[in-house]
Amino acid sequence: MAEKKFLWGAATASFQIEGGVNEGGRGPCIWDAYCRTPGRVANMENGDIACDSYHRYMEDVKLLKELGVDSYRFSIAWPRIQPNGVGEANPEGIAYYNKLIDALIENGITPFVTLYHWDLPLDLQICHDGWLNRSIVDKFVEYAKICFDNFGDRVKHWITFNEPWCVSLLGYGTGSHAPGRKSDIEAYQAAHNLLLAHAYTVKLFRENKYDGIIGITNNTEWKEPMTDSADDIEAAERAVTFDFGWFTDPVVFGDYPQVMKERVGHKMPKFTEEEKALLKNSVDFIGLNHYSTKYVSNTPVEGCLEKSGNIYDDPDVYSWIDPEWEKTQMGWSFVPWGLNKLLKWIGKRYNNIPIYITENGCATEGIDDDFRCRFLTQYIDATLEARDKDNVNVAGYFCWSLLDNFEWAYGYAKTFGIIACSPQNTDRVPKKSYYTYRDIISRNR
């Protein structure tokens, strides 16, 4: 299924906006437990209410229509479909997403659905070791089939996983995300099983001839060489490859990047020949989540960031942030040209496969969010330049995020939304950036 037009959209994720965690037959997920573990999430905040989109989804659809987007990227909560991660589908969960999907289509908005945005059913973690256990591959495929069977008549755009880098590295490597484990080996094992789950899900999708396209969303910063030396150029290439190539090379080429196998192959599981064949070309498109840029060198430079002492150090590079760059509420740098260079890098490395920017945005404060207005304007300009001037196959842009929401370990302290919202006041208040983005869409359509 070829995309006929550039999609303009906005994005959210189930745990970050839905709330209603004990309603409609939903089971607990790993983030419900993580939020209740002291010291894990700022102020021990949680997703119990979030934006209350479980009850107020029609307001979200109305705001999307008024925004003028073509598409809405949202994720399905696995524990709302299978409360324990296995077995029959939960009818109330199916009904909720059917209502959302139907409302979107009735308003001329294309649903763009992510199957997994981090809310693993808790039973699968406690009883089966989550993404460390190879058996989760079959469980995920079973869950995906339920979604394809129930929603595939209307949903034609699917993403298997959102940022498996974060699931693996933050969830199992550094412990800063659920389930909060700390092990290089476990991070690479979780990554391996995530990729296999993707491959077997796509196999099911294609063999059953579901109508539509399917891909995966991966994340990375752009890494710019500190100098034009061969060593720094190679270090920057290595850094992007460790981040983005870790999960993109396998689904395009069938195996991990060679530089990773050479440097950390002793930590990484190996794919069988059958698995390599399943992985190869198992995406119709690549989703890209991008927020910032760093300089990278092969050797230490004055003012460079200290090594982390964990899996972050595996690429063996040194990072540096220009002090002149503006910073977001997250401390991430505002560098629009980094996105332009990254898009060209992806296009060149992966044979100009279609790319959807599935997340791009910034955290900043206030309703009159001029910083975000500038951010969106300049990053979108960089996107369209890559498409129109450099012929990169960019097929769509999704602003992150539609709503201020639960920002994982930061709780509600970091606000990414173009619409203000909080658990204390779930009324939706469009910000200045909402209207700026609406105008950008109108001008560029």
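This is a predicted model: local features need pLDDT of at least 70, side-chain atom pairs count only at pLDDT 80 or more; totals for chains, interfaces and linings use all residues.
Local features require pLDDT of at least 70 and side-chain atom pairs pLDDT 80 or more, whereas totals for chains, interfaces and linings use all residues. Residues are numbered from 1 along each chain as its sequence is written, and side-chain values use heavy atoms, leaving out hydrogens and water.

Eight strands close into a barrel with parallel pairing, in the order β1-β2-β3-β4-β5-β7-β10-β11. Strands are DSSP runs (E, at least two residues) and helices likewise (H or I, at least four), numbered from the N terminus; two strands pair if DSSP finds at least two bridges between them. Strands β5 (residues 213-219) and β7 (residues 285-289) are joined by five bridges, and asparagine 218 has leucine 288 in β7 as its bridge partner.

Helix α15 (residues 432-444) has 13 residues and reaches 19 Å from its first C-alpha to its last, close to the 18 Å expected at 1.5 Å a residue; the expected span is 1.5 Å times one less than the number of residues. Ser433, Tyr434, Thr436, Tyr437, Ile440 and Ile441 of α15 are buried (under 20% relative accessible area, with exposed over 50% and partly exposed in between; 1.4 Å probe, protein chains only). Seen down the axis of α15, the buried residues fall within an arc of 165°, so they line one face of the helix; the arc is that of the directions from the helix axis to the C-beta atoms. Ser442 and Arg443 are exposed on the face turned away from the buried side.
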